[in-house]
Amino acid sequence: MDIATLRATHPDHWKLATAIRALAMDAVQAANSGHPGAPMGLADVATVLYRNHLKFDAKAPHWADRDRFILSAGHASMLLYALLHLTGYEQATLDQVKSFRQWGSRMAGHPEYGHLEGVETTTGPLGQGISTAVGMAIAEKSMAARFGKKVVDHKIWVIAGDGCLMEGISHEAIGLAGKQELDNLIVLWDNNNITIDGRVTVSDITDQHKRFEAAGWTVLACDGHDPADIDRALTEARKAKGPVMVDCKTIIGFGSPNKADSYSVHGSPLGDAEISATKAIYGWDHGPFEIPADIKAEWEAIGGQGAAERTEWQARLDALSPAKKAEFERQVSGGVTKKLASAIRAFKKAQSEAVPKVATRKASEMVLAAVNPVVPETIGGSADLTGSNLTLTPGLGDFTPENRKGRYVRYGIREHGMAAAMNGLYLHGGVRPYGGTFFCFTDYARGAMRLSALMGVPAVYVMTHDSIGLGEDGPTHQPVEHLAICRATPNTWTFRPADVVETAEAWELALSSEKTPSVLVLSRQNLPTLRKAHTNANLSAKGAYVIEEAAGKRQAILMATGSEVEIALKARDILQAQAIGTRVVSMPCMELFAAQDEAYRRKILPPGAVRVAVEAAVQQPWDRWLLGERGTEKKAGFVGMTGFGASAPAERLYQEFGITAEAVAEKVKSLL
């Protein structure tokens with residue numbers, strides 16, 4: 001539909017949508033940076049969505065039963081920011097709009113979760129939004145099954161662009177959503193046929209309709225500039241079976257006389273002259289950032305039209321039994337049940353007495369078997385490695401279209417999609433997600449894992465087969481640099497437990513975390529129980545502790561994680577037999593140790609002694625503890641990997657790469 005017809009036939013809609021376009025143009029121009037074209041093209045779709053279909057209350061941005069709106073095409077951020085301002089979100093002030101992309105503004109270049117109410121997830125990296133939305137849709141179905149549709153019954157709406165659909169992660173997400181028949185998920189495709197390089201056709205020939213249909217989605221289409229046609233399509237989408245993709249045919253930079261339908265309007269300001277000419281075509285006779293009072297009032301009325309429904313919902317929530325209501329509110333808020341700590345303490349005590357020799361991946365399964373029954377909001381899964389990751393425990397049941405009470409998701413070979421879905425599961429509220437794969441395949445999940453850290457989502461990544469100790473699968477499956485990568489990521493806890501007790505402590509910390517994701521790095525090979533004296537205290541919470549003290553004068557400190565703590569303890573035996581007093585420090589989480597005060601770190605790593613770190617990985621993360629923290633290069637050594645691994649049984653690999661108790665003892669003696 002052209003502008004003249006649109007203005008003539010839908011005048012009320014037109015002025016509402018034009019307010020979005022005007023704010024987007026003005027904000028990008030003021031910032032001299034940004035993406036005006038997509039907001040201009042999507043304004044009609046967004047106006048119909050917010051006016052006629054989206055269940056929300058701008059005065060209650062955290063209402064648990066609100067619809068979620070995800071702008072997966074995050075570069076179109078001014079579309080979302082304009083909507084939040086116009087509908088009356090308290091934090092989305094006009095001053096914030098005017099300071100778009102500037103220091104201190106809540107309105108960052110791309111939508112950032114936690115900066116501004118109404119932004120449901122961070123969507124700078126293309127494809128992450130649509131993939132995170134799949135996790136939100138799963139969470140909604142799970143919560144509805146547990147608490148009933150009277151208090152959980154909403155949709156997940158997504159606007160995705162061509163870039164989102166090109167990114168490989170979208171293929172994983174689309175396939176998972178189709179398999180799960182998520183009829184609460186509706187994706188609106190901004191089909192404008194433009195990317196930064198030009199027409200989509202310069203790089204892609206995908207038939208998106210056939211692609212989505214092949215994955216089990218319902219596919220609809222509309223003229224993205226005809227409000228009646230948009231409304232028809234969205235109405236059909238709400239009633240369709242399974243997930244829905246609506247092809248919204250739009251013109252990027254709609255109305256711009258010289259830049260519409262071209263890549264030049266994608267990622268650059270229009271310029272004052274072009275904005276002036278565009279506003280004249282719109283019939284918008286107002287200055288920069290000027291929204292007439294009547295239009296703002298209409299938008300604010302849209303922002304408040306969900307208030308009555310929210311009040312009715314609150315009455316239904318209040319009608320639940322006190323216990324059920326309290327549990328709902330705890331889970332939605334992310335609060336930790338007190339049953340977790342007592343379950344972990346009981347588990348630790350039993351294992352310290354039984355002293356099993358098990359792989360830490362098996363230890364993790366044992367912990368989960370104790371934890372999952374008392375933490376009903378956990379939803380686990382694996383990227384088609386359930387039998388290797390050991391993430392499924394009795395009683396969980398698979399989450400399927402037939403069993404929405406199931407708490408185990410079969411993600412398939414979709415590491416990146418799994419990680420993004422885990423973000424969505426938590427961001428929706430009411431769920432504590434964990435998911436597993438081999439540690440080396442964090443490479444495939446990295447984008448979403450980084451967003452977990454960036455957003456403060458305490459997802460738990462269960463990463464097994466942690467080192468050359470996995471053996472015969474060889475270098476492609478043997479991670480050596482991955483601990484360094486995870487430890488280099490801000491706001492991430494990387495746990496590499498040494499035995500079943502440390503594994504339990506790591507799980508307690510991970511499931512109690514409020515804003516930090518955890519990576520549990522677990523062995524394939526069996527490891528003995530080293531912590532035989534039970535303590536109620538969680539020693540891993542400090543990141544590092546003395547697991548064996550020196551006998552006699554302390555001359556050496558050995559530091560290790562995971563399977564190498566056993567090696568360090570054996571090296572200590574060798575050194576002590578030669579009257580070389582040796583302390584062994586287990587360091588299951590460097591990040592938590594770094595967060596301790598100076599006094600505690602000094603207590604664990606005092607000056608003077610030789611220091612040797614032992615880990616079947618690269619040295620890089622250890623330099624702080626070897627060379628800093630009162631250490632010196634002359635008295636520091638590392639026993640570990642300097643390259644990639646090889647195919648062979650684990651025992652042979654440790655011998656060939658020199659990660660042995662004897663080698664550690666020799667390293668210490670060479671430094672004395």
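In the predicted model, strand E15 (residues 554-560) and strand E16 (residues 581-586) run parallel and are joined by 6 bridges. Within this pairing, Arg554 is placed opposite Gly581 of E16. Both strands belong to an open sheet of 5 strands, whose order is E14-E16-E15-E17-E18 and whose pairing is mixed. Strand E14 (545-548) and strand E18 (636-640) form the edges, each pairing on one side only. With direction ignored, neighbouring strands of this sheet are turned against each other by 30 degrees on average. Helix H27 (residues 661-671) packs on the sheet and touches E15, strand E17 (610-615) and E18. The direction of H27 makes about 155 degrees with that of E17.

Another open sheet consists of 6 strands with parallel pairing, in the order E9-E8-E10-E11-E13-E12. Its edge positions are taken by strand E9 (408-410) and strand E12 (493-495), each of which pairs on one side only. From one strand to the next, the twist of this sheet averages 20 degrees. Within the sheet, strand E11 (residues 460-464) and strand E13 (residues 518-521) run parallel and are connected by 4 bridges. Tyr461 stands opposite Val519, a residue of E13. This sheet also carries a packed helix, H18 (residues 415-428), which touches strand E8 (378-382), strand E10 (432-438) and E11. Between the direction of H18 and that of E10 the angle is about 170 degrees.

Helix packing was examined next. Two packed helices are described by the angle between their axes and the distance between the axes. Helix H6 (residues 128-147) and helix H8 (residues 168-180) pack with their axes 8 Å apart, at an angle of about 25 degrees. Angles under 35 degrees count as roughly parallel, and H6 and H8 are therefore roughly parallel to each other. Their crossing is left-handed. On the H6 side, the contact is made by Gln128, Ile130, Ser131, Val134 and Ile138; H8 contributes Ile169, Ser170, Ala173, Ile174, Leu176 and Ala177. Classified by residue type, this contact of H6 with H8 contains 8 nonpolar and 3 polar residues, and no charged residues.

H6 also meets helix H14 (residues 322-333), where the two axes come within 12 Å and cross at roughly 165 degrees. Angles over 145 degrees count as roughly antiparallel, and H6 and H14 are therefore roughly antiparallel to each other. In this case, H6 passes H14 in a right-handed crossing. The residues of H6 that make the contact are Met143, Arg146 and Phe147, and those of H14 are Lys324, Glu327, Phe328, Gln331 and Val332. The contact of H6 with H14 has 4 nonpolar residues, 1 polar residue and 3 charged residues.

Charged pairs were also considered. Side chains of opposite charge can pair when their charged atoms come close.

Definitions and conventions. Residues numbered from 1 in each chain as written. Predicted model: local features only at pLDDT ≥ 70, side-chain atom pairs only at ≥ 80, totals over all residues. Heavy atoms only, no water. Axes fitted to C-alpha atoms, helices over the stretch in contact; angles between N-to-C directions. Helix = DSSP H or I, 4+ residues; strand = E, 2+ residues; numbered from the N terminus. Parallel < 35°, antiparallel > 145°, perpendicular 65-115°, else oblique. Left-handed = near helix turned anticlockwise from the far one by under 90°. Contact = heavy atoms within 4.5 Å. Nonpolar A, V, L, I, M, F, W, Y, C, P; charged D, E, K, R; others polar. Pairing = 2+ DSSP bridges.
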